Amino acid sequence: MDYLDYVQMTKGQQISYNIKSFFTGIPGAIAGFFQVVANVIKGFFGWIGNGFKGYGQRFSDGDTGTKLSYVIMGAGNMMHKQLGKGLVFLAVEVLYIMYMVNFGMTYVSKIYSDNVTITDSNGVTAVHYGVIGSNTPVYGYDDFGEKTLLNRDNLDTSNNVLLFFVVTLLITIAFFALYIANTKSAYETEQLIKAGKTPMTGIEEIKDYFDERFHVTLLTIPVLGLLAFTVVPIIFTVFIAFTNYTRERIAPGELYWWVGFQNFAEVFNTGSAEQSATFGKILSWTLIWAFFATFSNFILGIILALMINKKEIKFKAFWRTLFIITAAVPQFVTLLLMKMLLGQGTGLNAMMGTTYPFLTDATWAKCTVIIVNIWVGVPFTMLSTSGILMNIPEDLYESARIDGANAVQQFTKITFPYIFFVLTPYLISSFVGNINNFNVIYFLTGGGPESHLYYKSGETDLLVTWLYKLTVSEGDYKLAAVIGIFVFLICAIGSLIAFNMSKASKNEEEFS
Amino acid sequence: MNTTNFQNSPQAGYAAKRKAANTAIYIILAVLGVIWLFPIIWLILTSFDGETGAVTRSLIPTNWSFNNYIKLFVQYETDANGNEVQVAADAMQFPYMQWILNTLFVAVCSCVISTLLVLMVSYTFSRLRFKSRKTFLNMGLILGMFPGFMSMVAVYAIMKVLGLTNSLIGLIIVYSAGAGLGYQVAKGFFDTIPHALDEAAKIDGATRHQIFWQIILPLSKPIIVYTALTTFMGPWGDYIFVSYFMDQNPYGWTVARGLYEMIDNKENINEWFKPFCAGAVIIAIPITTLFLIMQRFYVGGMTGGAVKG
């Protein structure tokens, strides 16, 4: 269905179409999510499979040099007039073996150690299985007669063991990729020489990385940065969700161990009564918040943009700047300011001599954050929709005017459906953005007001602010990791709905 | 366009109705403008309030003074003899000047690194075609869906191994290492540069390396400015990572952390709320100016990104 069919429907039909397409979109998006995940996995294994394709064939077809490169990396290249490249491959192999022998293997072997004696902070000693790290801490008495750890310096911390395990995992994958590349390269140069051509020299090869293979050069540093500080942390965090890592287990000797799906079960039902109720409560408030925050901003932002962009309105730049100023001031400043303005004994209450509980009563606070979010967000929506408003095809209005439509009818029949159609992806991505809207909640209410019904959180906490509190102030890292995984799943599904829809609206653009 | 004639066509009361509608819009805009600007005006007025304490009894201060601004840079304490002495430059409770310098350092460094990374990635995905391009794009899409601070604990563990916890270098790495993922807007820009340029240069014997540096980048000033400004402004507003990575020593904080701490604590709020306003005004001026410069890029970038996905 394209835009023309859409505008011809009545308003009621359009709304029901939008709602229907939103909900019918959900299963597709969830399926799409798994499809993308599957594609990535397929791509990854396909990539490996590609490498192995002809792995045996190349070995039996190849000459001595190629065969030798299956054991000694680079041998094939060296014997096929590519000394430099061969040496690089050889160096990779030597470095990898040295890394594994001196470093990597220790951590891989320690990732699941049985029979480790651990004394917890209450002084209870017990033997544990599946522990990350294997050294048993030895306690003794120092010069002052205080109980102390004797082997502190060469003791494992589970954090380091897990971290180096993940790093070793990635290094091993990279090594195998290079290993396969090495056998391919050996075979290809062999074929080249057989065909009577000269293989590239080292210098030509380097030059090639600035021309034909420039993408490799450009992507290396960004990808390494992402691997080290995004991918490794994500894998680490996913692992943490299956351990019992908390702040109590951070000191040397205080190892943590694998607990399977226990943390996931605790979030839903096996934890304390308040703990298992909290996730549902926070999730539903997060969704309610995201819904109101998104639509209030969207509708009011568009109305504001329409008023400012109306043909007869003068001083457009002035009006626009007036509203943009609030968006331009750093968000934490405006939000902390709002917190003071709406505080119990400060700001508005002090000026008017009242005691409205703007941020201290649960219901008030929930309304306040949504209203303040309108103040914070509407200028942004106004900015980003202005461009789209100016792009509405003028002939639509002309024909409407000829048919005698008035301003209100033009808005409800043309402007709004058009914006809704074009901006649905934007709406969904701002919905996802609001699920992750840390700033507004944390700076205004800090998640409060506190309630005994909430586990380590408050009435206005979103999943992300809860995650932040669990990490920074509570040190409940395992639970934070579980929440993080759920936030990811919710955002991923939402983003993929938006992604698929923006593909659709792109096609729509091509028609008009 | 001749639609103007049509609009002004004489219909009974039409013009009058139109005028009334416009007047109504002016009134609504003015009212909204006042509401939107009120907190900002309150911030500026309070920063000049000569009375101490967190409570403002009236919007317009009765005593005007610069004391709140001065207090950010020069602080006094009572010494053992009961005299007012100036606090040494390295022992202040809230060293505002140091925060500005810290933030500036972090912002400049991460701006340079991030801009380079973003340009490299977006250029590659926009102009170069290679075998695993689709796989990389998909992986980028998935990685981008993880909430940024979900894996804070792990990043902290890495920084600890590298010995970079509680250091500004660590913050720079955190802000810029993942910058490659924010390639969409810049990629959208590169997509609009005609491919004929590349091809012409190629025929003249230029390598892709030369095309990137000598042909595409000089044409990309708007997107470089946009990327640089957004990445420069990031550290000024981030509270999450500074609050987790830096310890209680106020000399290592950035502006966002410092200003938050000024009014976070009930003991500080009375003494520090008004200096907080002054501090907020000082950093808001340059950041607001940058944002206003940037907004025309912002409009294009947002809508471009939204439609192109």
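This is a predicted model: local features need pLDDT of at least 70, side-chain atom pairs count only at pLDDT 80 or more; totals for chains, interfaces and linings use all residues.
Me: What makes helix α13 of chain A largely enclosed by the rest of the structure?

Reply: Count its buried residues. Helix α13(A) spans residues 331-341, and nine of its eleven residues are buried, so it is largely enclosed. Buried here means under 20% relative accessible area. The buried set is Phe332(A), Val333(A), Thr334(A), Leu335(A), Leu336(A), Leu337(A), Met338(A), Met340(A) and Leu341(A).

Me: Why is α13(A) called roughly perpendicular to α2(B)?

Reply: Start with the angle. The axes of α13(A) and helix α2 of chain B (residues 14-47) come within 10 Å and cross at roughly 85 degrees. Angles of 65 to 115 degrees count as roughly perpendicular, so that label applies to α13(A) and α2(B).

Me: Which residues make that contact between α13(A) and α2(B)?

Reply: From α13(A) come Val333(A), Thr334(A), Leu337(A), Met338(A), Met340(A) and Leu341(A). From α2(B) come Phe38(B), Pro39(B), Ile40(B), Trp42(B) and Leu43(B). By class, ten are nonpolar, one is polar and none is charged.

Me: What meets what in α7(A) and α6(B)?

Reply: Asn159(A), Asn160(A), Leu163(A) and Phe164(A) of α7(A) meet Ala157(B), Ile158(B) and Val161(B) of α6(B). Five of the contact residues are nonpolar, two are polar and none is charged.

Me: Why does Glu205(A) count as buried?

Reply: Its relative accessibility is 10%. The cut-off for buried is under 20%. Glu205(A) therefore counts as buried. The residue sits in helix α8 of chain A, residues 202-208.

Me: What does the side chain of Glu205(A) make a polar contact with?

Reply: The side chain of Arg213(A), at 3.2 Å. The limit for a polar contact is 3.5 Å between N or O atoms. Beyond neighbours within four places in sequence, Glu205(A) is in contact with Gln82(A), Lys85(A), Met200(A) and Arg213(A).

Me: Why is Gln275(A) put in the buried class?

Reply: Its relative accessibility is 8%. Buried requires under 20%, so Gln275(A) qualifies. Gln275(A) belongs to helix α11 of chain A, residues 273-309. Setting aside neighbours within four places in sequence, its contacts are Glu266(A), Val267(A), Tyr455(A) and Leu479(A).

Me: What makes α7(B) mostly covered?

Reply: Seven of the nine residues of α7(B), residues 168-176, are buried. They are Leu168(B), Gly170(B), Leu171(B), Ile172(B), Val174(B), Tyr175(B) and Ser176(B). These buried residues pack against α4, α6, α11 and α12 of chain B.

Me: Which side-chain oxygen reaches a backbone nitrogen at the start of α7(B)?

Reply: One from Ser167(B). That oxygen comes to within 3.3 Å of the backbone nitrogen of Ile169(B).

Me: How many helices and strands does chain A have, and what percentage of its residues count as buried?

Reply: Chain A has 20 helices and four strands. Of its 512 residues, 49% count as buried. Chain A exposes about 23800 Å², with carbon and sulfur atoms supplying 66% of it.

Conventions: Residues are numbered from 1 along each chain as its sequence is written. Chains are lettered from A and ligands numbered from 1 in the order in which they are written. Side-chain values use heavy atoms; hydrogens and water are left out. Buried means under 20% relative accessible area, exposed over 50%, partly exposed in between (1.4 Å probe, protein chains only). Helices (H or I, at least four residues) and strands (E, at least two) are DSSP runs, numbered from the N terminus. A polar contact is a pair of N or O atoms within 3.5 Å; within protein, one must be able to donate a hydrogen and the other to accept it, and residues adjacent in sequence count only if both atoms are side-chain atoms. Contact means heavy atoms within 4.5 Å. Axes are lines fitted to C-alpha atoms, for helices over the stretch in contact, and angles run from 0 to 180 degrees between N-to-C directions. Angles under 35 degrees count as roughly parallel, over 145 as roughly antiparallel, 65 to 115 as roughly perpendicular and the rest as oblique. Ala, Val, Leu, Ile, Met, Phe, Trp, Tyr, Cys and Pro count as nonpolar, Asp, Glu, Lys and Arg as charged, and the others, Gly among them, as polar. Accessible areas come from the Shrake-Rupley method with a 1.4 Å probe; for residues, only the protein chains shown count as cover.
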